[in-house]
Amino acid sequence: MDYITAYSLTCVEIPAISAIPGNSEHEPFVVRGISREDMAEMYGGGGVLEGTADYRQLLDGDGILVCPAGSALKEIYRTGYQVGDSITVSCYNGQSKTYTVMGIVQDVQIGSSTHFFILPEEELSALYPEISDFTGYVNLHTEQDSDQLRRAVFSAVSDQRVAVSGLDDLSAELERGLRGELARDYGILIFIFVFSLINLANTLITNLLTRQQEFGVFQSVGMSDRQLSNMLSFECLYYVGITLLVTLTLGTACSLAVCRVFDRIGMFGTLTYHFPVLQVLLFGAALLLVQGVFSACAVRYTRRLSLVERIKAVD
């Protein structure tokens, strides 16, 4: 094992966030405690976005640091904090305390957990004086085999409340979560896809039924069935072209916007947008299939009525 990194953590509730409609009433928030040395090391090189991250000032002024965490506070909990705002935290031992936001700092990821608030390590004892050890997360940095290290840790730790996981476990967990999210997203997309095809078919059929008199007049002055079929095909291709144009422009813009939102949140790490070539080709092929079937069926349908009946048709 090369070295070990330990992190001090505790959980609190924030009544002001819980009171916002749509948020959970008793949402727990992780508060990280940082020592004087670690705070100077992490934020002494430009990690402070606004305000200050001076350890002594935080202690003396009941200050707290806020991590934007990719704007997740605003996106998920519909709230945000600026330097000078007050945050009242409610502890599970019954006491509460109000802090002043003294700094907005860059987020420092701890494994797979997300935290938004940082306090001086000594403040954790002020919140929970009955707790002597606030170590909540330990990183073992090593080049050893993860399975071998996991077995060694399990044999050394008898407390069943301690969870042991490696990078492979975190990757597998993230992959399972992404697969579930993709399955839900593709379910919604398939519904929209089928609905759009049904809407296109309905538009074309309604257009065909309401224009029988027009088609009859055209054929009475010499339009052949082939010319009528070509006209309907070009009209259908026009609808298909407009649909694909909207999909490629507005759809792509919306996809880029969604990727940027989730990238700011940081929930799935750094996201890179890739144009869905296969999905667009399948969508285009389905539209062309509808166009081909409609063109063939439209001419057959118009032949069922005589030319006189179509001309006399009332819209």
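What follows is a list of selections and what each one shows.

This is a predicted model, in which local features need pLDDT of at least 70 and side-chain atom pairs count only at pLDDT 80 or more, while totals for chains, interfaces and linings use all residues. Residues are numbered from 1 along each chain as its sequence is written, and side-chain values use heavy atoms, without hydrogens and water.

**Cores.** Select Ile-14, Val-66, Leu-73, Tyr-81, Ile-87, Phe-117 and Leu-127: of the 24 residues in the largest nonpolar core, these touch the most other members. A nonpolar core is a set of buried Ala, Val, Leu, Ile, Met, Phe, Trp, Tyr and Cys residues joined through side-chain atoms within 4.5 Å; buried means under 20% relative accessible area, exposed over 50% and partly exposed in between (1.4 Å probe, protein chains only). Elements giving two or more residues to this core include strand S2 (28-34) and helix H5 (121-127). Helices (H or I, at least four residues) and strands (E, at least two) are DSSP runs, numbered from the N terminus. Then select Leu-200, Met-231, Cys-236 and Ala-298, which are among the 17 residues of a second, separate core.

**Helix H8.** Select residues 212-220; the buried ones are Gln-212, Phe-215, Gly-216 and Gln-219. Viewed down the axis of H8, they fall within an arc of 100° (directions from the helix axis to the C-beta atoms), so they line one face of the helix. Gly-222, with a positive phi near 115°, follows H8.

**Loops.** Most residues other than glycine have a negative phi. Asp-62, between helix H3 (55-60) and S4, has a positive phi near 50° and is partly exposed at 29% relative accessibility. Finish at Arg-78, in the loop between H4 and S5: its phi is positive, about 55°, and its relative accessible area of 43% makes it partly exposed.
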